[in-house]
Amino acid sequence: MDFLMSGLAACGACVFTNPLEVVKTRMQLQGELQAPGTYQRHYRNVFHAFITIGKVDGLAALQKGLAPALLYQFLMNGIRLGTYGLAEAGGYLHTAEGTHSPARSAVAGAMAGVMGAYLGSPIYMVKTHLQAQAASEIAVGHQYKHQGMFQALTEIGQKHGLVGLWRGALGGLPRVIIGSSTQLCTFSSTKDLLSQWEIFPPQSWKLALVAAMVSGIAVVLAMAPFDVACTRLYNQPTDAQGKGLMYRGILDALLQTARTEGIFGMYKGIGASYFRLGPHTILSLFFWDQLRSLYYTYTK
């Protein structure tokens, strides 16, 4: 049940935040490996990107890649939050004195995140391809011509096999390790601290909401450069063998981005990342916490 509740919580959050994921993906690919000021900026900021996509691609384009996004969230977060929940319920995240251990939380969060992200990597790659697809006048990054999730997975599998489907999976792991460990560690630590201070009544939904808000800020700041590199790794064009033509891996993507676009290039789309990751973190952790509370209340 922990895995099912975790997956459902993440899907609930995804429905609301997917348009921000579309905006974030486009902003991260804009001006890829081009010096600042040498390219046309189709998307000046989060709000301008929303208006531009809605006007040129149509309002439905703001929910591009929703099917793979939902499937990825269910797989990735079902495994990640479910595994973390089991570790928490088993008492593995507390010291011998019974206090919460941030170090154990970070390790458990990272390990749980790696498992979920690696298994869901082909879905995440296809999601990135679909969300980057745009009308030629506002297109950024490499443009794949997929018709949908299943067609994309079938085509990539037939052309490049399992290696092609899991292309970029290892490069995407640092993003998940940092994001997942930061998210779950700060969420649990903040919740534990607030409980000790008795700011809110025990089991109050406000406790989970405030802890999730703190967690959202920490995740965005820690994960942004790896998120940009991961998006570019997945979206880069490939040769006949399915090997990327622009980047050799996550470190190469980070170095090339920093060299050509400067430090700010590594934080492209951070506004969209905040508006997306913040609410997504808040909603998914809040839904997760509330679903677990309801389940344990009615099954005891």
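**Buried salt bridges and a surface patch**

Arg 232 counts as buried at 0% relative accessibility (buried meaning under 20% relative accessible area, exposed over 50% and partly exposed in between, with a 1.4 Å probe and protein chains only). The structure is a predicted model, in which local features need pLDDT of at least 70 and side-chain atom pairs count only at pLDDT 80 or more, while totals for chains, interfaces and linings use all residues. Residues are numbered from 1 along each chain as its sequence is written, and side-chain values use heavy atoms, with hydrogens and water left out.

The side chain of Arg 232 meets that of Glu 261 in a salt bridge (2.6 Å, N to O), defined as a side-chain nitrogen of Lys or Arg within 4 Å of a carboxyl oxygen of Asp or Glu. Glu 261 lies in helix H8 (residues 250-261) and Arg 232 in helix H7, so the pair ties together parts that are 29 residues apart in sequence; helices are DSSP runs (H or I, at least four residues) numbered from the N terminus. Glu 261 is also buried, at 6% relative accessibility.

A search of the whole structure finds 10 salt bridges. In one of them, the closest N and O atoms of Arg 175 and Asp 227 are 2.6 Å apart. Because Arg 175 belongs to helix H6 and Asp 227 to helix H7, this pair ties together parts 52 residues apart in sequence. Arg 175 is buried at 8% relative accessibility, and Asp 227 at 2%. Both belong to a network of salt bridges that also links Glu 21, Lys 24, Lys 127 and Arg 276.

Phe 275 is found in helix H9 and is partly exposed at 37% relative accessibility.

Notes. Helix = DSSP H or I, 4+ residues; strand = E, 2+ residues; numbered from the N terminus.
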